[in-house]
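Please read this short report alongside the structure shown below. It goes from strands to helices and then to single residues.

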Amino acid sequence: MKKLPPSEFARLAERTRLVLAGRDPEDSYGFVNPPIVRGSTVIYSNTEDFLARKARYTYGTAGNPTLDALEAAANTIEGGAGVVAVPSGLMACTLAFLTLLSAGDHVLVTDSVYRPTRNFCDTFLKRMGVETTYYDPMVGADIATLFRPNTKAVWTEAPGSQTFEMQDIPAIVGAARERGILVALDNTWATPLFFDAHGFGVDLSVQAGTKYYAAHSDVLIGTVSARTPELYKALRATWTQLGLIVAPEDAFLTLRGMRTMAIRLKEQMPAGIAMANWLKARPEVARVMHPALPDDPGHALWKRDFTGASSLFAIELAPVSMKAVAAMLDGLSLFGMGASWGGYESLVLPFDCTDYRTATTPGFKGPTIRIHIGLEDLEDLKADLDAGFARLRAAG
């Protein structure tokens, strides 16, 4: 198998690059997949080499061939200056903040942010002397009115966690760049396959690789990609100082999942949209929150900037008791109730974001449920939900 030079590799289609990235059979004794390399101590052949740290790997916390393969594959689809992998999606978010911010800084964070990220801002960053201001995710270019002399970064998430507001990332990036402010994006929902974060000027692109990268609900992992070499240097330095090494087994499993990510997403996208439309027609459903639906408030932005949609969205039910919601959800046989998503299995999760959002009010009148559509047969999933709605109606 001939190894392609970088110029030829770059011209390949995205799906092809995902299959080839991060693997070289010559380095793997001829095997297709890079091996799992476990290790902490690296042996040097002599004193001179040790003192000069003349080794490809200096210690286990500096990386290993399995992790290198994963980061190379992620960098292939991110298209930035470099990627680091960390042991969870939340850690990817926190690493991005710690790379960009110092004591005395101010950061703007979308009010629709992933709640554990919000908790990090309200606790750790506050203790560190960083002030956080939450903003309306629909603010667009008007975010410039929120900038302060010490504003160093803007945190975005498109679409927003749980409520799926679509942010105008190019407008935010444009406003921030005029002031030398950096922009980070949690791009887990779309992945780099459906939204080119760096292409739109985002400085740090974050992935909870637990979701669509690993995809089998058995790995915790995250990645952060830097747009420029200077920012990648700072990102890698912060990663090294914190010792955020990923277990080689997790790197291996995530890399394996990434090989099929393009195919899975293109299978799950139409299934998610079809289910969203089916739910939209249900009398029990007051609203469906999915940017790919034409009547969604964020649809125009999604259509302009994104090339696809993942299979995660939310619904608001018509007013009904939580007892009735529990009757619906507890009897489901094909939808598990769990906090993650992006795997091959379908999931549901009741949520209430009204008690912690501070800059905006979602205005829900009925209970809300987040839904992830997996790889099961769509008609089977509809039948499962249909039976659930019958239990909801019976419970009142």
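In which sense do strand S11 (residues 347-351) and S12 pair, and over how many bridges? The two strands pair in the antiparallel sense over five bridges. Two strands count as paired if DSSP finds at least two bridges between them. Helices (H or I, at least four residues) and strands (E, at least two) are DSSP runs, numbered from the N terminus.

This is a predicted model, in which local features need pLDDT of at least 70 and side-chain atom pairs count only at pLDDT 80 or more, while totals for chains, interfaces and linings use all residues. Residues are numbered from 1 along each chain as its sequence is written, and side-chain values use heavy atoms, with hydrogens and water left out.

Burial is judged by relative accessible area: buried means under 20%, exposed over 50%, and partly exposed in between (1.4 Å probe, protein chains only). Five of the five residues of S12 (residues 368-372) are buried, so the strand is largely enclosed by the rest of the structure. In a regular strand the side chains alternate between the two faces of the sheet. In S12, Thr368, Arg370 and His372 point one way, and Ile369 and Ile371 point the other way.

**The seven-stranded sheet**

An open sheet is formed by seven strands in the order S1-S7-S6-S5-S4-S2-S3, with mixed pairing. Strand S1 (82-86) and strand S3 (131-135) are the edge strands, each pairing on one side only. From one strand to the next, the twist averages 20 degrees. Strand S2 (residues 106-110) pairs with S3 in the parallel sense over five bridges, and His106 has Glu131 in S3 as its bridge partner.

Angles run from 0 to 180 degrees between N-to-C directions, and axes are lines fitted to C-alpha atoms, for helices over the stretch in contact. Helix H5 (residues 89-100) touches S1, S2, strand S4 (151-157), strand S5 (182-186), strand S6 (204-207) and strand S7 (222-226), and its direction makes about 160 degrees with that of S6. Helix H6 (residues 115-128) touches S2, S3 and S4; its direction makes about 150 degrees with that of S3.

H5 is mostly covered, with nine of its twelve residues buried; Gly89, Cys93 and Phe97 are among them. The N-terminal end of H5 is capped by Ser88, with a side-chain oxygen 3.0 Å from the backbone nitrogen of Met91.

The expected span of a helix is 1.5 Å times one less than its number of residues. For the 14 residues of helix H10 (residues 229-242) this gives 20 Å, which agrees with the 20 Å between its end C-alpha atoms. In H10, Leu231, Leu235, Arg236, Thr238 and Trp239 are buried. Seen down the axis of H10, the buried residues fall within an arc of 160 degrees, so they line one face of the helix. That arc is taken from the directions from the helix axis to the C-beta atoms. The buried residues of H10 pack against helix H4 (65-78), S1, H5, S5, S6 and S7. On the other side of H10, Pro229, Glu230, Lys233 and Gln241 are exposed.

**Backbone angles and a buried loop residue**

Most residues other than glycine have a negative phi, and most peptide bonds are trans. The table lists some backbone angles.

| Residue or bond | Angle |
|---|---|
| Ala158 to Pro159, cis | omega near -5 degrees |
| Phe164 | phi near 60 degrees |
| Thr191 | phi near 60 degrees |
| Gly243 | phi near 65 degrees |

Pro159 lies in the loop between S4 and helix H7 (169-178). Phe164 is found in the loop between S4 and H7 and, at 3% relative accessibility, counts as buried. Thr191 lies in helix H8 (residues 191-194) and is buried, with a relative accessible area of 0%. Gly243 follows H10.

Asp203 lies in the loop between H8 and S6 and counts as buried at 4% relative accessibility. Leaving aside neighbours within four places in sequence, the contacts of Asp203 include Arg177, His198, Arg227 and Leu231.

Technical notes
Contact = heavy atoms within 4.5 Å. Polar contact = N/O pair within 3.5 Å; in protein donor to acceptor, adjacent residues only side chain to side chain.
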